[in-house]
Amino acid sequence: MLKKLHKIIGISVCLIVIHLSITGAVLMYPSVFKLQDTYFSNSYLYNLYDMYKSSDVRVLEGVDEDVGVIKSKIITSDMVLETNAADIIGVLKIDNFIFVLNKEKILLIEESDYELEIIKEKNIPFVAKSIGGGENEVLIQAADENIYAIKTSLDFSLLREGNINYEENVLATPDEETASYYLLQVQGPGVQALRLFADLHNGRFFGPFAMFIFFVTSMLIVFLSLSGSYMAMRPSIKRYFYNLKKKNRQ
């Protein structure tokens, strides 16, 4: 019975054992297989690992400022800052200050030589539509088309003049080369081969169900090892006790 069970389980898990053995062997020698220097950047892996794609990148249209937006992240001068501001609708950079706007709040970011830092944050008392500039002022257009001036203190003042020179800063999807540049700052050149093989080995690449199957397989391998050792040693053990019993009878 044990021999039959050993055979059935061995055949059932052999493919997974081969998979674990090959991926495990590759992971033991990452430098030989160049796992740390190899990256994959296809859209399937980006979706699988929930990574950003070129379509997630936006830059200021028609402005020479080095500012990129990826979801809630701001990228400038090879520095990345997580703002935690969802649905960013506008960005304006003046000197070493960056105004970041969504529909409900505005953030003021200060850029230094070494880092980006949020120095002020304020909820907006109206629904914002866009941010732009005009006559050396930072202006915000509300959903009702009213224009507000804003200072670095993040205090608002409604402009009532009829002729306001407002130039909106528009966030647009850039070309592939520019998008790749900003993606590189946030997540590197793609999925590292070392990470990919590690996830293949432990089953995370295939999802929770596969991870459970791999776990069960690991337990079955322990059973196969013990049962195989027992069946291999059983004849010798039986022979030993048989000879011992025979010797005692003599």
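This is a predicted model: local features need pLDDT of at least 70, side-chain atom pairs count only at pLDDT 80 or more; totals for chains, interfaces and linings use all residues.
Q: How many salt bridges does the structure hold?
A: Six.

Q: Start with Lys93. Which side chain does the Lys93 side chain meet in a salt bridge?
A: That of Glu111. The N to O distance is 3.0 Å.

Q: Lys93, buried or exposed?
A: Buried, because its relative accessibility is 13%, and the cut-off for buried is under 20%.

Q: And Glu111, buried or exposed?
A: Glu111 counts as buried too, at 14% relative accessibility.

Q: What does Glu121 form a salt bridge with?
A: Lys105. The closest N and O atoms are 2.8 Å apart.

Q: Which strands does that pair involve?
A: Glu121 lies in strand S9, residues 116-123. Lys105 lies in strand S8. Their separation is 16 residues, and this pair also links distant parts of the chain.

Q: Why does Glu121 not count as exposed?
A: Because exposed needs over 50% relative accessible area, and Glu121 has 47%.

Q: Next, Asp155. Which residue does Asp155 form a salt bridge with?
A: Lys122, with the closest N and O atoms 3.3 Å apart.

Q: Where are they?
A: Asp155 is in the loop between strand S12 (147-150) and strand S13 (156-158). Lys122 is in strand S9. The two are 33 residues apart, another link between distant parts of the chain.

Q: What are the relative accessible areas there?
A: Asp155 has 41% and is partly exposed. Lys122 has 31% and is partly exposed as well.

Q: Why would such side chains pair at all?
A: Side chains of opposite charge can pair when their charged atoms come close.

Q: New topic. Which residues make the nonpolar surface patch?
A: Met28, Tyr29, Val32 and Phe33. The patch covers about 470 Å².

Q: Take Val32. Where is Val32 found?
A: In the loop between helix H1 (2-28) and strand S1 (39-40).

Q: Is Val32 buried or exposed?
A: Exposed, because its relative accessibility is 57%, and the cut-off for exposed is over 50%.

Notes. Residues are numbered from 1 along each chain as its sequence is written. Side-chain values use heavy atoms; hydrogens and water are left out. Patches are made of residues with over 30% relative accessible area and no salt bridge: like charges are joined within 9 Å, nonpolar side chains (Val, Leu, Ile, Met, Phe, Trp, Tyr) within 5 Å. Accessible areas come from the Shrake-Rupley method with a 1.4 Å probe; for residues, only the protein chains shown count as cover. A salt bridge is a side-chain nitrogen of Lys or Arg within 4 Å of a carboxyl oxygen of Asp or Glu. Helices (H or I, at least four residues) and strands (E, at least two) are DSSP runs, numbered from the N terminus. Buried means under 20% relative accessible area, exposed over 50%, partly exposed in between (1.4 Å probe, protein chains only).
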